[in-house]
Amino acid sequence: MKPITTFGFLGSTLDRAQGADRWSKWRPTVAMCQQEDLLISRLELLVEPKFADLAKSVVADIAKVSPETEVVVHEFALKDPWDFQEVYERLYDFVRGYDFQPEKEDYLIHLTTGTHVAQICWFLLNEANFIPARLLQTSPSREGGRDAKACGRYEIIDIDLSKYDRLSTRFAQEQERTLDFLKSGIATKSKGFNKLIEQIELVAVNSKAPILIMGPTGAGKSMLAGRIYDLRRSRVGLSGRFVEVNCATLRGDQAMSALFGHKRGSFTGAQSDRPGLLKEADKGLIFLDEIGELGLDEQAMLLRALEDKTFLPLGSDKAVQSDFQLIAGTNRDLRAQVAAGKFRDDLLARINLWTFTLPSLAERREDIAANLDFELERFAKTHRRQVRMNKEAREAFLKFAKGPEAKWSANFRDLNAAVTRMATLAPKGRITVECVENEIGRLREGWRSEVRSEMSEVVSEELDPFDRVQLEFVIKTCRESKTLSDAGRRLFAVSRAKRSKINDADRLKKYLKRFDLTWEKLQKAE
């Protein structure tokens, strides 16, 4: 059996007792050393300097009841024992400097003494694995209160034991509520998406580092960024604003001015000082959507602001400070942008610590039913008018929405627009089968127009109807695929199994070349 080392604060009130009758009083620090079946080999006792005399008395009494216990007194000065930041930082420094040897010793944290702030800090440090210990709780005997039995009773708490399943269940329920919050209350069935949200939840509450959210336009990057901000504000005390900006709308001096601010007269039209969005996000969070659209100069300024928390407004020689957190969004392959010289590799390295890719709506067709209900509820809240779908209409819409014919090229924006149109045109607040059929026609025509537009961007020659239909499908598949090889595997899924040599990428390249197309040209035209 390994020796036991216990950490704890001196109880400035509970451990205080004078005279001979002190032995009939329950004093937690002394009492835990009186337990017959708990042998403490070493007690690391944290003591504020003003209680040094009390500490000497307690140490002397421990020597009488448990001479085999070595007591090591640590002077632990605190300006305010109820200041959470001060207590946590002091305890953190203490445990980080302690030589833990878990293979040789067992460790306990005595939670009964110290302020409530100190107890919480002990628990947090233990949960964060800075202290490889179990929790020790002491208390007076149940009969008669503090004076009944001097040694009282104790309990060792190991959160991982089945005995504390109820507590673990509470934690699990709280996490479920958090995940539900991040998903806007939408009961999703996609295992991949739910796993992604679980990872985002862990990062959102445990890291202040930048987050990069990738995914196609309309996949929900902006909504998720807002939810992460709300979660951090409620769980980790983020106090500043949520600032959102679409970088695709920023160009030239406007971009510099919008992000970093400017001084009056720094350029034509600058008639007054402007703080800039990064300054407005001080102590808060800024969401830079479509970050790949930023110019290289703005990227360099942003990198400095991320690393130093300072930046220079246009026309100023005095740096401005802003302690902001960043979430970036993009629908582009930033690594390809780096290779093309359009994005700084050092900035990508800085924002790429936590990268999450949101799937398109077409990749989450099992979640369309839940999102349909969400959009109907959102319409009702926005327009203050309840609209419902009858059973037949709902089934007709979902049959189309989940089928291969539904492109959902704009993802949730397409779904939101479809619900808004049906709800607006619904007779007497009831979406009927006729409403659904009309909307399906609008969606089909809209997607056909998109394809025709895309075709006109990349193909100039007239094509036979046979070639046009085939090429439309190939272009769509290329744009939905991450790589040339991935697109080839999808397009040649059957014939590739019959070939002795498989080179899907080469076959696709040769097909595209017939129409003077390349993989790169299709990506740029997107």
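Strands here are DSSP E runs of at least two residues, helices are H or I runs of at least four, and both are numbered from the N terminus. Two strands pair if DSSP finds at least two bridges between them. This is a predicted model: local features need pLDDT of at least 70, side-chain atom pairs count only at pLDDT 80 or more, and totals for chains, interfaces and linings use all residues. Residues are numbered from 1 along each chain as its sequence is written, and side-chain values use heavy atoms, with hydrogens and water left out.

**Parallel sheet**
- Four bridges join strand 7 (residues 211-214) to strand 12 (residues 325-330) in the parallel sense.
- Ile213 has Gly329 of strand 12 as its bridge partner.

**Mixed sheet**
- Six strands form an open sheet in the order 3-2-1-4-5-6, with mixed pairing.
- Its edge strands are strand 3 (70-75) and strand 6 (153-157).
- Strand 5 (residues 134-139) pairs with strand 6 in the antiparallel sense over five bridges.
- Leu136 has Ile156 of strand 6 as its bridge partner.
- Helix 2 (residues 52-65) packs on the sheet against strand 2 (42-47) and strand 3, at about 165° to the direction of strand 2.
- Helix 4 (residues 116-127) also packs on the sheet, touching strand 1 (4-9), strand 2, strand 4 (106-110) and strand 5.
- The direction of helix 4 makes about 140° with that of strand 1.

**Overall shape**
- The protein has 20 helices and 15 strands.
- Its radius of gyration is 32 Å, well over the 24 Å that the globule rule gives for 526 residues, so the protein is more spread out than a compact globule.
- That radius is taken over C-alpha atoms, and the globule rule is 2.2 Å times the number of residues to the power 0.38.
- The C-alpha trace spans about 105 × 65 × 60 Å along its principal axes.

Technical notes
Contact = heavy atoms within 4.5 Å. Axes fitted to C-alpha atoms, helices over the stretch in contact; angles between N-to-C directions.
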